[in-house]
Amino acid sequence: MSGEVILGYDGSDGARHAVRHAVEMASAFDAPLILAFGYEPPTMGGEAADLRKAVQSRGEAVLQEGADLVKSIDAELSVERVLIDERPADSLVDLAAQREARAIVVGHRGMGPIRGAVLGSVTYRLLHVAPCPVVVVKAPER
Amino acid sequence: MGPKTGWMGGWGIFMADLIIMPSLAQISAIYLFLLFGAEGLAESTFWTTVVGIIFILAMTWICFRGIELSARSQVLLLGTELAVLVIFAVVALYRVYAGDFADSVTPSISWLSPFGLSVDAMTAGILISVFIYWGWDTAVTVNEETEDSTRTPGLAAVLSTVILLVIYVVTSFAAQAVHGAGFLVDNADDVLSATGTDVLGSFFDKFLIIAVLTSAAASCQTTILPSARTMLSMGAHKAAPDRFAKIHPKFLTPSYSTWFFGIAAVVWYVILVFAGGDVLADSIVGVGLMIAFYYGITGYACVAYYWPHLFKSVKNFIFVGLFPFLGSLSLTWIFVKSLIDLADPENSESGSSWFGLGPPFVIGGVLLIIGMPLMFLWKAGHPEFFRVKRDPAHVKPPPEGGETAPPLLGIRVEEDADVR
């Protein structure tokens, strides 16, 4: 199995913190790293074409910034950026299945179990439906 | 049909959404008090307004934060609401036939007959039906994105409209049968809670209250989200200031548009309360006017946009040309006739007079017209949007399959046809 390591990257502090771990994992396995950004506007809100466009350009900027961060840690590592028009957890799961990825890495946003359940935790959903191991990186306490 | 009409259509959507917010908020506040048995508070304008404003702000925050119910919980909520309504209708009709209510009326098919109504009553009724259909077009817009998009949207639109019709008819039959039409007129503000207790008893009527509450909350979300998106689109296409096109870097929602809308809704709510009109009834009629306006524009836009394709097949001519045109024509007639009727304060629900005019006329007509000077003001400073000429390459053939089928009320085939 030579699958890639996927990092769910949304530019948040948790995701930025997870970059280092994802880079270490990818280079240890000698696997390429994929930075993935997934978002889908809620379907109940009607026409969303322009919102999608706005989110896409934001996503591209975030991914670029993430790729720069990766390069600053390990300039040798092969990095791919993927923008997915799907809800965050689903986008990571589908991408992992399609690429037969080695692992998914995500940053932990620091939501407790209750807040996570109410607000919808990406990590929680991932743990249950991902087709590969999921690595959750907890951001340091501030 | 050009950018100006498109701009006014956008204004119509925005104002219709804005105007309905106080009604949703007021319903939520009243039912929240009723749920906890605080009948006194439910009747206080002050306290319902306070809770209503908190409700609008909370819903705005939820939309801003990007919190959404999953598709599954939406199905659950809507399913519960429908189930409660059906239970209410079935129990009510059963008890009517069992003779449980002394003053009940046996349902008659003649209740459905439009004959014997005056033309004024007809137009008023149609305007309200335009309002209650509103939102049901979501099945069409949303499903543009579903997997089998040649069949699903058309089928969904037709099916959902039939379901909607059956629910409305059965529930109104049930409600009217319980104590007769006079009782409904006396309790016009809130038919459900008035009949609910009598039909379901004082415990089970709580379910009716919960159903109304959840549906008001869901309606609020389905009002804020599309309005914010419409404003974002207008900002992105230079039809409105750039800041409307901003999205929140983390929540990825139209941040400025969402808060602008929420705060505008609160301001409008406060104005309405001070103006002292019957917020609910008069706004609903006013909103009916606006919806008739922008559905009407959509139908004409459909004909104009697909003009080169209309004469290529009989099917195109009927479904993309004739039906939308007839739909728009009837909506135009209702719009004009209602405006004339509603100018007279006597014809409004509240009977109050604003500047010598009926409140629904002011709400639906004047606020719509305010869009005109605003548009020209914007055009004077930022003419980019209005210079957009229709790109002939963009005139693609109408979608095949079911999408164009239901010509019920000027379905949005390509809403922003003029904008692109």
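Q: Which residues are buried in α3(B), and what makes a residue count as buried?
A: Buried means under 20% relative accessible area, exposed over 50%, and partly exposed in between, with a 1.4 Å probe and protein chains only. In α3(B) the buried residues include B:Thr48, B:Val51, B:Phe55, B:Met59 and B:Cys63. Helices (H or I, at least four residues) and strands (E, at least two) are DSSP runs, numbered from the N terminus. This is a predicted model, in which local features need pLDDT of at least 70 and side-chain atom pairs count only at pLDDT 80 or more, while totals for chains, interfaces and linings use all residues; side-chain values use heavy atoms, with hydrogens and water left out. Residues are numbered from 1 along each chain as its sequence is written, and chains are lettered from A and ligands numbered from 1 in the order in which they are written.

Q: How do you know that the span of helix α3 (residues 45-65) of chain B is close to the one expected?
A: The expected span is 1.5 Å times one less than the number of residues. With 21 residues, α3(B) is expected to reach 30 Å, and its first and last C-alpha atoms are 30 Å apart. B:Gly66, with a positive phi near 75°, follows α3(B).

Q: Why is B:Cys220 called buried?
A: B:Cys220 has 0% relative accessibility, so it counts as buried. B:Cys302 is buried too, because its relative accessible area is 8%.

Q: How do you know how many disulfides there are over all chains?
A: A disulfide is a pair of cysteine sulfur atoms within 2.5 Å, and a search of the whole structure finds zero. For B:Cys220, the nearest cysteine sulfur belongs to B:Cys63, 7.8 Å away, and B:Cys220 is in no disulfide.

Q: Why are α9(B) and α10(B) called oblique to each other?
A: Axes are lines fitted to C-alpha atoms, for helices over the stretch in contact, and angles run from 0 to 180 degrees between N-to-C directions. Under 35 degrees counts as roughly parallel, over 145 as roughly antiparallel, 65 to 115 as roughly perpendicular and the rest as oblique. Helix α9 (residues 191-236) of chain B and α10(B) pack at about 125°, with their axes 8 Å apart; therefore they are oblique.

Q: Which residues of α10(B) are buried?
A: Among them are B:Ser257, B:Thr258, B:Phe261, B:Trp268 and B:Leu272.

Q: What makes α3(A) and α5(A) roughly parallel to each other?
A: Helix α3 (residues 88-99) and helix α5 (residues 122-129) of chain A pack at an angle of about 30°, with their axes 9 Å apart. The two helices are therefore roughly parallel. Their contact includes A:Leu92 and A:Val93 of α3(A), and A:Leu126 and A:Val129 of α5(A).

Q: Why does A:Pro133 count as exposed?
A: A:Pro133 counts as exposed because its relative accessibility is 54%. A:Pro133 is placed in the loop between α5 and β5 (134-138) of chain A. Leaving aside neighbours within four places in sequence, A:Pro133 is in contact with A:Arg102, A:Ala103 and A:Ile104.

Q: How many helices and strands does chain A have, and what share of chain A is buried?
A: Chain A has five helices and five strands, and buried residues make up 46% of its 142 residues.

Conventions. Contact = heavy atoms within 4.5 Å.
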